[in-house]
Amino acid sequence: MKPREKTPELELDLINDTKWSLHKQEPKKYTLIVFYRGLHCPVCKKQLESIKDKLDQFTERGINIIAVSMDTEERAKKAGNEWAIESIPVGFEMSKEKAREWGLYLSKGISDKEPELFSEPGLFLIRKDGTLYCSSVQTMPFARPSMGDLLKAVDFIEDKDYPARGEV
């Protein structure tokens with residue numbers, strides 16, 4: 001998937017017992033999909049809590065957010081209850097086929113705390129027309145963009161009318 005191209009569809013159940021669909025989103029400017037590893041990941045917990053702490057800043061910029069994992073409903077709801085992320089929509093049970101369609105890396109669990117299979121992290125900033133603006137995909141839990149840096153980037157993008165890059 002390249003910037004300026006339509007993103008794949010994504011439809012998921014949420015931990016609040018509702019459904020979420022990318023093609024039904026109506027953000028003012030962008031949708032930010034945050035693919036996270038799952039309940040077992042303390043780095044994911046910190047990342048999602050950082051997003052929750054800056055949620056008003058994302059909303060002010062016209063950005064809708066969802067966090068998504070391959071976790072089971074039970075594990076995703078446990079993360080939703082134990083982590084300070086109550087205002088973030090959390091989707092669960094993304095299939096490995098859907099993870100691959102989004103270009104995410106998959107890992108096998110290496111301890112009892114990890115699920116048998118899960119996706120590694122990724123961020124996808126999607127324009128309101130459903131095209132990819134930018135993405136960041138990791139092969140491991142570390143070295144993720146900070147939410148403060150992402151907010152600054154969105155400000156620059158909007159201020160300079162900066163086009164999506166990497167489309168060639």
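Glu49 and Lys45 sit four residues apart in helix 1 (residues 42-53), a separation of about one helical turn. Their side chains form a salt bridge with the closest N and O atoms 3.0 Å apart; the term means a side-chain nitrogen of Lys or Arg within 4 Å of a carboxyl oxygen of Asp or Glu. The structure holds 13 salt bridges.

The model is predicted: local features need pLDDT of at least 70 and side-chain atom pairs count only at pLDDT 80 or more, while totals for chains, interfaces and linings use all residues. Residues are numbered from 1 along each chain as its sequence is written, and side-chain values use heavy atoms, with hydrogens and water left out.

**Pair in helix 1**
- Glu49 is buried at 17% relative accessible area, whereas Lys45 is partly exposed at 29%.
- Buried means under 20% relative accessible area, exposed over 50%, and partly exposed in between (1.4 Å probe, protein chains only).
- Helices (H or I, at least four residues) and strands (E, at least two) are DSSP runs, numbered from the N terminus.

**Lys77 and Asp17**
- Lys77 and Asp17 form a salt bridge, with 2.8 Å between the closest N and O atoms.
- Lys77 lies in helix 3 (residues 73-82) and Asp17 in the loop between strand 1 (11-14) and strand 2 (19-21), so the pair ties together parts 60 residues apart in sequence.
- Lys77 is partly exposed at 23%, and Asp17 is exposed at 60%.
- A network of salt bridges links Asp17, Glu73 and Lys77.

**Lys52 and Asp53**
- A salt bridge joins the side chains of Lys52 and Asp53 at 3.7 Å, N to O.
- Lys52 is partly exposed at 21%; Asp53 is exposed at 58%.
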